Amino acid sequence: MKFRNFKMVGYVVYGRGSFNQLDEIIAPYRQKDKPMIFLIDHFFLGGPLIDRLPIRGKDKIIFADVTYEPKTIYVDFLSQQLKEDFGSVSGIIGIGGGSAMDLAKAVSLMMNNPGSSADYQGWDLVKIPGVYKVGIPTLSGTGAEVSRTTVLTGPTKKLGINSDFTPFDQIILDPELTADAPALQRFYTGMDCYIHCIESLEGTYLNEFSKSYGEKALQLCRDVFVKKENWGADSDDKLMMASYAGGMSIAYSQVGVAHAVSYGLGYLLGTKHGIGNCIVMNHLEEYYPLAVKEFKYMVEKNNIPIPAGITKGLSNAQFDTMINVAIGMRPLWENALGKDWEKIMTREKLKALYERL
Ligand code: NAD
Ligand code: ZN
């Protein structure tokens with residue numbers, strides 16, 4: 001048995017208002033004549049957060065278009081543009097949800113690695129460290145702030161750049177930044193965390209490391225979505241830590257059925273990660289019976305619409321595409337269903353599941 005020796009985030013600061021320390025934190029990493037690049041979710045365009053960015057000298061703000069989840073062509077475009085404009089940069093500061101943070105990680109890597117980001121989709125293909133990178137979540141749930149991957153849709157696959165060079169050098173966890181997130185988005189992204197916990201805790205890869213983080217993250221999700229009557233500042237605090245701990249849990253285990261199936265939806269239909277996971281989780285009684293019951297309770301209590309019928313009218317070829325993407329996520333199935341997963345999750349069974357979504 002070979003144990004995973006995983007690379008973690010370099011520095012972590014947590015607390016309400018900790019965003020104000022950004023200037024001081026990045027100061028030692030500023031190199032002469034090389035700007036810091038603030039890659040910030042386009043939601044913040046024209047908002048007060050922009051005035052709080054510690055802009056100096058040639059620093060540049062780029063508004064990340066997160067209408068679609070990150071694509072390799074967009075990463076290549078951004079890194080190419082920065083190379084043309086500046087040669088090299090001191091660092092990339094990614095501010096936003098999972099999409100903006102993943103973009104920041106990928107652009108950081110592509111500032112120093114040749115070719116296209118699509119060349120690095122996979123495991124441990126990156127050989128050269130990226131530039132200094134900072135992650136600042138404004139939505140809680142994906143765990144992208146702690147993970148060693150950046151999920152990208154490329155010309156042939158939707159797959160992360162998983163490497164020891166992918167994690168952020170620094171993260172700033174300031175729950176105040178999530179205060180204005182719309183309730184629906186907060187739920188969908190929050191459920192990503194809930195589902196990370198369930199898939200980790202109910203998977204065959206589970207160990208005490210993952211369990212410790214997963215149980216805590218699950219409790220925080222329940223505090224927020226099951227027990228709490230009204231959203232408050234403490235909910236933002238809790239969900240931000242749930243996201244972090246949920247990410248730590250899957251770092252040493254794996255996700256499962258909801259993620260594998262949701263990846264197929266994302267690849268074919270562009271369904272976003274959080275909502276896609278919810279659409280799938282709604283139909284997974286067979287695999288996670290208690291959690292699905294609790295999930296449905298949270299959906300009802302928080303008055304959240306979960307789309308249905310999204311695969312209606314798709315062709316057999318389209319179902320095949322989704323099935324291929326999902327089945328390709330072998331470690332996820334092995335974690336969820338054990339070594340003999342291929343006997344349990346046949347293509348026919350998976351098709352029947354997709355047809356119900
Ligand atoms: P997101 O980043 O795609 O953002 C969703 C929407 O919320 C966008 O419209 C965005 O503009 C808006 N938004 C962000 N912050 C806001 C705020 N404070 N107030 C109001 N609106 C705000 O959503 P997400 O669920 O955080 O991230 C999903 C992405 O994360 C996917 O691309 C997925 O592949 C990726 N992901 C990555 C990992 C990883 O480990 N790297 C893990 C899970 C998911
Ligand atoms: Zn996820």
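Biologist: Which residues are the protein donors of the zinc ion (ligand 2)?
Modeller: In this predicted model, they are Asp 192 (OD), His 196 (NE2), His 259 (NE2) and His 273 (NE2), lying 2.1 to 2.2 Å from the ion. Donors are N, O and S atoms within 2.8 Å of the metal (3.2 Å for Na, K and Ca); water is not among the atoms, so sites may look incomplete.

Biologist: How are the donor residues spaced in sequence?
Modeller: The spacing is D-x3-H-x62-H-x13-H. Asp 192 in helix α5 (residues 183–201) and His 273 in helix α9 (residues 273–281) are 81 residues apart, a pair that links distant parts of the chain. Helices (H or I, at least four residues) and strands (E, at least two) are DSSP runs, numbered from the N terminus.

Biologist: Are Asp 192 and His 273 buried or exposed?
Modeller: Both are buried, meaning under 20% relative accessible area, with exposed over 50% and partly exposed in between (1.4 Å probe, protein chains only).

Biologist: Changing topic, which strands pair with β4?
Modeller: Strand β2 (residues 36–41) runs parallel to β4, joined by 5 bridges; β6 (residues 132–137) pairs with β4 in the parallel sense over 6 bridges. Two strands pair if DSSP finds at least two bridges between them.

Biologist: What are the bridge partners of Ile 95?
Modeller: Ile 95 in β4 partners Ile 40, and its partner in β6 is Ile 136.

Biologist: How many residues of β4 are buried?
Modeller: In β4 (residues 91–96), 6 of 6 are buried.

Biologist: What conventions apply?
Modeller: Residues are numbered from 1 along each chain as its sequence is written, while chains are lettered from A and ligands numbered from 1 in the order in which they are written. Local features need pLDDT of at least 70, side-chain atom pairs count only at pLDDT 80 or more, and totals for chains, interfaces and linings use all residues, while side-chain values use heavy atoms, leaving out hydrogens and water.
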